[in-house]
Structures are given as C-alpha cells and as structure tokens.
Amino acid sequence: MTDQHAALDAALEEVFHAARAHLATVKAAQGRIDDDAVWQAYVTLNNASYAYDELLLDAFGEVTPWDVESIDPQEADERFGVGAGGVDGTEPDDPYPQVVSVRQRRDYRVPSVAALIRIAEAARRQSTPAAEEPDPVNGVGEAVLELLQAGDGALGALDIPELDPLDGVVMVHEVGTALDPDAFDDGDVDGPFRSAPGDEIVGRLDEHAYLPDELDDSETSDAQPPR
C-alpha cells in the first residue's frame, strides 16, 4: 500500500469518526439552537470531508458527492457572532431598548366575487372537522380573512389569481413597547396601529403593483401631460 493510499484510508476514518461525533453531539443538544458543541462538531465533520475529498481528487481524479469548502473555525466563529450572542452562548452587552414595528397595507381588486368565495370556502372546508358542515363564506372581506387565516396571517396567502394586487405601503416604526393585541377591543381597528408618545416613524416604503412602463397603450394614451 502506498503512502498516498494510507493517507486516503486515514482521511476516510476521520470522516467516519467526525460523523459519529457530530451525530452524538446533535442528539445530546436535543434541538438547542446555536449549541456551541454542535457547531464545533459540524466544523470538524465539514473539514474532514473536505480533506478526504481533496485527497481522493489528487490520488485518482475522483470526487465525492459532498460539495463542501474548508472552514476556518476562528474565522467562522467571528462571522457567526461569537461574543455577541453567537455560538459561544454569551449574551450581548447592548440590547436595543426599542422595538421595531413594521406596519403594512396592501390593496386588491376582486375580478370575480364568485371565484374568490369559492376558493375561500375550499380553504374553510380543509380547516373544518370532517363531522361538521362549514359555514358559508359571506362576502369578499370574509373570503380574504379566511384565506389569511389559512395562511397563518401571511400576505403571501393572497398571491392568488382571484385577487389582483394594487398599490401598498409599508411603514417602519421604532416603538418603546411591543404590541399586546389583547389590550385592544375587537372593534378598535385603529388602536393597534396608533403611535404612542415617544414612538418614531423611521420611514415609509411605497409598493407599486405595476411600474409605469408596464401599463398598456390604452392606459397611457389618456394620460395628461404635466402642466
């Protein structure tokens, strides 16, 4: 056996050892986020795989399925935030006293009320127990609310052919107190969005559904020139 072959065998054993150690560390962490031991075991496994892949390429011109790059543990620790609440588990010394509040409005046109209600009723049926008969969806507002509920409140749930997006706006605030929805009555629609003394509006981002050059000729032909 040549020295090159011996080095390959040794490198492969390092991969096996690192993989077993990584699995044991993951099991011991039991799902903890940013566990330092898991991170260190990951780096060791990554670098052992990289070293074996490089030796295999040099010896036989072959590669493994592992598309990895070598990781410098010290540089990686700095990149992923050691000392600032990162993988070493320490907490930052300068927690930000404010809360960032993002408030969004997006409008939609309804091309077909019947089509929108059909898709909302389908979503409601999926969330209703099989033994129960779902209530009908009454109106476009209730239909949109049903779709949002089915999508866990994400506006992406409204990216459907049954709704044409119009313009929207996003506001970013810095506030002193986080939102408590239970502090507002159901009928108080403005309360959760009302700024409190000391809150600061950072800025506004306007969202345009269609850029001016996307309008067709029929829409632009009626436009009046600026005076």
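**Helix packing and its surroundings**

Guide: Helix α1 passes helix α2 in a left-handed crossing. The model is a predicted one, and everything that follows should be read with that in mind. The axes of these two helices, α1 and α2, approach to within 8 Å and cross at roughly 160°. That angle makes α1 roughly antiparallel to α2, because angles over 145 degrees are placed in that class. Sorted by residue class, the contact of α1 with α2 contains 21 nonpolar residues, six polar ones and two charged ones.

Between α1, which covers residues 3-29, and α2, which covers residues 36-60, there is a loop, and Q30 lies in it. Q30 has a phi of about 55°, a positive value, although Q30 is not a glycine. Most residues other than glycine have a negative phi. Q30 counts as exposed because its relative accessibility is 71%, and the cut-off for that class is over 50%.

The other helix pair to look at is α4 with α5. Helix α4 runs over residues 113-127 and helix α5 over residues 139-150; their axes come within 9 Å and cross at roughly 40°. With that angle, α4 and α5 are therefore oblique to each other. The crossing of α4 and α5 is left-handed. On the α4 side, the residues that make the contact are V113, L116, I117, I119, A120, A123, R124 and S127. On the α5 side, they are G139, V140, E142, A143, V144, E146, L147 and A150. By class, this contact between α4 and α5 is made up of 11 nonpolar, two polar and three charged residues.

Helix α4 also holds E121. Leaving aside residues up to four places away in sequence, E121 touches P136 and V137. E121 and D135 are 14 residues apart in sequence, and their C-alpha atoms are 8.5 Å apart in space.

D152 has a phi near 55°, which is positive, and D152 is a residue other than glycine. D152 is classed as exposed because its relative accessible area is 76%.

To place the helices, the strands are needed as well. The protein chain has six helices and three strands, and read along the sequence these follow the pattern α-α-α-β-α-α-β-β-α. The three strands form an open sheet in the order β1-β2-β3, with antiparallel pairing. Strands β1 and β3 are the edge strands, since each of them pairs on one side only. From one strand to the next, the twist averages 15°. Strands of a sheet pair through backbone hydrogen bonds, either parallel or antiparallel.

Taking the pairings in turn, strand β1 (residues 99-109) and strand β2 (residues 164-175) run antiparallel and are joined by 10 bridges. In this pairing, R109 stands opposite D164 of β2. On the next pairing, β2 meets strand β3 (residues 200-207) in the antiparallel sense, over seven bridges. Two of the positions there can be named: V169 has D206 of β3 as its bridge partner, and H173 stands opposite I201, also in β3.

Two totals close the account. The protein chain has 227 residues, of which 22% count as buried. Among contacts in the protein chain with a separation of 6 or more, 66% are between residues 24 or more positions apart.

Notes:
Residues are numbered from 1 along each chain as its sequence is written. This is a predicted model: local features need pLDDT of at least 70, side-chain atom pairs count only at pLDDT 80 or more; totals for chains, interfaces and linings use all residues. Side-chain values use heavy atoms; hydrogens and water are left out. Axes are lines fitted to C-alpha atoms, for helices over the stretch in contact, and angles run from 0 to 180 degrees between N-to-C directions. Helices (H or I, at least four residues) and strands (E, at least two) are DSSP runs, numbered from the N terminus. Angles under 35 degrees count as roughly parallel, over 145 as roughly antiparallel, 65 to 115 as roughly perpendicular and the rest as oblique. A crossing is left-handed if the near helix is turned anticlockwise from the far one by less than a right angle, and right-handed if clockwise. Contact means heavy atoms within 4.5 Å. Ala, Val, Leu, Ile, Met, Phe, Trp, Tyr, Cys and Pro count as nonpolar, Asp, Glu, Lys and Arg as charged, and the others, Gly among them, as polar. Two strands pair if DSSP finds at least two bridges between them. Buried means under 20% relative accessible area, exposed over 50%, partly exposed in between (1.4 Å probe, protein chains only).
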